[in-house]
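Subject: Structure for your review

Dear colleague,

Please find below the structure that I am handing over to you.

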Amino acid sequence: MLIESVPNFSEGRRSEVMAAIADAARIDGVKVLGMEGDPDHNRSVLTVVGEPQALVEAIFRAAQVAVTHINLHNHHGTHPRMGAIDVVPFIPLQDATMEDAVDAARKLGRRFAQDLNIPVYLYEQAATKPERKNLADVRRGQFEGLSHRMVSDPPDFGPAHPHPTAGASAIGARLPLIAFNVFLNTTDMTVAKNVARAVRGSSGGLVGIKALAMNTVSHGQVQVSLNLVDYPKTPLPRALEMIRQEAMRYGVTVSHTELVGFMPAQAILDTVRYYLQQPEFRLDQILEWAIMADSSLEQP
């Protein structure tokens with residue numbers, strides 16, 4: 001049974017801290033696939049896979065390091081955040097069910113509360129209230145608004161007040177998504193906000209698309225940051241092309257894009273089929289994929 005998790009930490013500038021967080025998660029039964037940081041967002045994403053019990057332990061150890069090194073009172077970045085360990089989703093993969101992912105989320109939430117004194121809100125499929133399904137709603141008000149918010153909206157686990165330096169964490173279970181950033185060749189945030197609003201599902205755009213406008217100082221451009229939470233319904237090429245079209249209304253083009261973490265093979269298929277105009281293209285037409293899939297080619 002395999003589950004994936006992609007915990008997001010509110011640190012994207014100190015490489016030594018990010019390395020220490022990733023190293024803490026390297027335990028038996030867990031594989032660290034990657035650690036990516038963004039200095040403008042001041043945020044990093046750790047991708048780990050493993051069996052549920054080992055995965056919970058690995059993320060807890062990574063969280064221990066994060067709490068030691070991250071103080072949200074000194075944190076500044078363009079990405080919304082309410083915690084040092086801001087969000088921890090569990091995603092069922094091989095032989096795992098959503099119930100397995102929810103169980104892992106609740107176990108980790110209890111450990112955060114009991115051993116780290118961090119309040120935890122359960123979200124998405126692990127949510128205990130309908131209004132906590134959407135991560136954006138859970139994180140509204142960010143770190144600075146936690147104390148006021150917790151008076152009327154206490155967490156699922158832990159104290160009804162923020163951790164002094166680490167705030168609170170959102171822990172949940174969900175299906176895979178694609179995190180994808182699109183850079184526009186302008187510094188005009190109004191353009192980025194208008195484009196993000198046009199593509200965002202909640203404001204009448206595309207199904208399963210969450211979008212935020214970001215000001216990326218290091219690139220000298222603005223960015224539309226996407227989460228494709230239902231990529232079978234809205235494939236990546238469709239979202240990207242809508243962004244191109246909306247940006248063109250303002251005389252702006254897409255300069256480049258950025259994948260955050262990993263994406264499913266289906267997204268590769270969708271992209272190749274769209275841009276090469278080969279609707280029947282298959283993964284087994286990729287040479288390396290065919291070799292890996294053919295067990296008869298393996299050495300004895």
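The notes below describe what was found. Please bear in mind that this is a predicted model.

Nonpolar cores

In soluble globular proteins, nonpolar side chains tend to be buried together. In this model, the largest nonpolar core has 58 residues. The residues with the most contacts inside that core are Ile-85, Phe-90, Leu-108, Phe-112 and Ile-171. Helix H2, which covers residues 52–69, supplies the largest share of the core, namely 11 residues. There is also a second, separate core of 26 residues, and Leu-226, Leu-228, Ala-239 and Leu-240 are among its members.

Leaving aside residues up to four places away in sequence, Phe-112 touches Phe-60, Ala-63, Ile-85, Asn-117, Ile-118, Val-120, Ser-169 and Ile-171.

A buried arginine

Is Arg-174 buried or exposed? Arg-174 has a relative accessibility of 10%, which is under the 20% limit, and therefore counts as buried. Arg-174 is found in the loop that runs between strand S7 (169–173) and strand S8 (178–184). Beyond the residues up to four places away in sequence, its contacts include Val-6, Pro-89, Phe-90, Met-98 and Tyr-123. Arg-174 and Ala-101 are 73 residues apart along the chain, and their C-alpha atoms are separated by 7.8 Å.

Charges over rings

The charged end of Arg-111 sits over the ring of Phe-60, at 3.9 Å from the ring centre. The charged end of Arg-149 sits over the ring of Tyr-121, at 4.1 Å from the ring centre.

Helix H7 (residues 236–248) packs against helix H8 (residues 265–275) at an angle of about 55°, and their axes are 8 Å apart. This angle makes H7 oblique to H8. On the H7 side, the contact is made by Leu-236, Pro-237, Leu-240, Glu-241 and Arg-244, while H8 contributes Asp-270, Thr-271, Tyr-274 and Tyr-275.

A search of the whole structure finds one aromatic pair. The pair is formed by Tyr-274 and Tyr-275, whose ring centres are 4.8 Å apart; the ring planes lie at 75°, which is over 60 degrees, so the pair is edge-to-face. Tyr-274 is partly exposed, with a relative accessible area of 43%, and Tyr-275 also counts as partly exposed, at 37%.

With kind regards

Terms used. Residues numbered from 1 in each chain as written. Predicted model: local features only at pLDDT ≥ 70, side-chain atom pairs only at ≥ 80, totals over all residues. Heavy atoms only, no water. Helix = DSSP H or I, 4+ residues; strand = E, 2+ residues; numbered from the N terminus. Buried < 20%, exposed > 50% of the residue type's maximum accessible area, 1.4 Å probe, protein only. Contact = heavy atoms within 4.5 Å. Phe/Tyr/Trp six-rings, centres within 6.5 Å; stacked < 30°, edge-to-face > 60°. Lys NZ or Arg CZ within 6 Å of the ring centre and 35° of its normal. Core = buried A, V, L, I, M, F, W, Y, C linked by side-chain atoms within 4.5 Å. Axes fitted to C-alpha atoms, helices over the stretch in contact; angles between N-to-C directions. Parallel < 35°, antiparallel > 145°, perpendicular 65-115°, else oblique.
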